[in-house]
Amino acid sequence: MKKECTANYVKIGEKLYPCSVSLAMDFLGGKWKTVILYHLKDGKKRYSKLRKELFSVTEMTLSIQLKQLEKDGLISRKVFGEKPPVKVEYSLTDFGKTCIPVLEAITNWGNLIVEEKGEFVEA
């Protein structure tokens, strides 16, 4: 029997989900969360570096997604300095690191799609 089918619902805190896939997608869903996590999987990065790597995301969207990922415990935010300009670094938490195999599987699938239906290009 599948673990996700052993009960009618999955509960985390006060939130109920119909299955564990729905729960996982609440953590990783959306256009940018998984991309942000992918860019943090090899180590900590400053906000400005993330912004450059995710050039097509707006600053507001990036800020919102980073806050949500931090709230969900997937990333940590470390602030250096007390007055502007401050240095801020983001990194995966231990919990966030548990999604690295998922990120690698998505990357492999994306690469396969590019090989079959598209091409890698230099900007």
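Analyst: Let us begin with a definition: a salt bridge is a side-chain nitrogen of Lys or Arg within 4 Å of a carboxyl oxygen of Asp or Glu. The side chains of Lys-41 and Asp-42 form such a pair, at 3.7 Å from N to O. Please note that this is a predicted model.

User: Is Asp-42 buried or exposed?
Analyst: Asp-42 is exposed, because its relative accessible area is 71% and the cut-off for exposed is over 50%.

User: How many salt bridges does the structure hold?
Analyst: The structure holds 6 salt bridges. One of them joins Asp-26 to Lys-15, with the closest N and O atoms 2.9 Å apart. This pair links distant parts of the chain, since Asp-26 lies in helix H1 and Lys-15 in strand E2, 11 residues apart. Asp-26 is partly exposed at 29% relative accessibility, and Lys-15 is partly exposed at 45%.

User: What about Glu-53 and Lys-49?
Analyst: Glu-53 and Lys-49 also form a salt bridge, and their closest N and O atoms are 3.6 Å apart. Both belong to helix H3 (residues 47–53); they are 4 residues apart, so about one helical turn separates them. An α-helix has 3.6 residues a turn, so residues three or four places apart point the same way.

User: Let us change topic. Which residues of H1 are buried?
Analyst: The buried residues of H1 are Leu-23, Phe-27 and Leu-28. Seen down the axis of H1, they fall within an arc of 125 degrees, so they line one face of the helix. Their cover includes strands E1 and E2 and helices H2, H4, H5 and H6.

User: What follows H1?
Analyst: Gly-30 follows H1, and its phi is positive, near 100 degrees.

User: Which residues touch the most other members of the largest nonpolar core?
Analyst: That core has 23 residues, and those touching the most other members are Ile-36, Leu-37, Leu-40, Leu-54, Leu-66, Ile-75 and Tyr-90. Helices H1, H2, H4 and H6 and strand E5 each give two or more residues to this core.

User: What does Ile-36 touch?
Analyst: Leaving aside residues up to four places away in sequence, Ile-36 touches Leu-54, Leu-62, Gln-65, Leu-66 and Leu-69.

User: Finally, which residues make the nonpolar surface patch?
Analyst: Trp-109, Leu-112 and Ile-113 make a nonpolar surface patch of about 310 Å². Trp-109 is in helix H6, and it counts as exposed because its relative accessibility is 58%.

Key:
Residues numbered from 1 in each chain as written. Predicted model: local features only at pLDDT ≥ 70, side-chain atom pairs only at ≥ 80, totals over all residues. Heavy atoms only, no water. Core = buried A, V, L, I, M, F, W, Y, C linked by side-chain atoms within 4.5 Å. Buried < 20%, exposed > 50% of the residue type's maximum accessible area, 1.4 Å probe, protein only. Contact = heavy atoms within 4.5 Å. Patch = residues over 30% accessible without salt bridge, like charges linked within 9 Å, V, L, I, M, F, W, Y side chains within 5 Å. Areas by Shrake-Rupley, 256 points an atom, 1.4 Å probe, with all protein chains shown as cover. Arc of directions from axis to C-beta.
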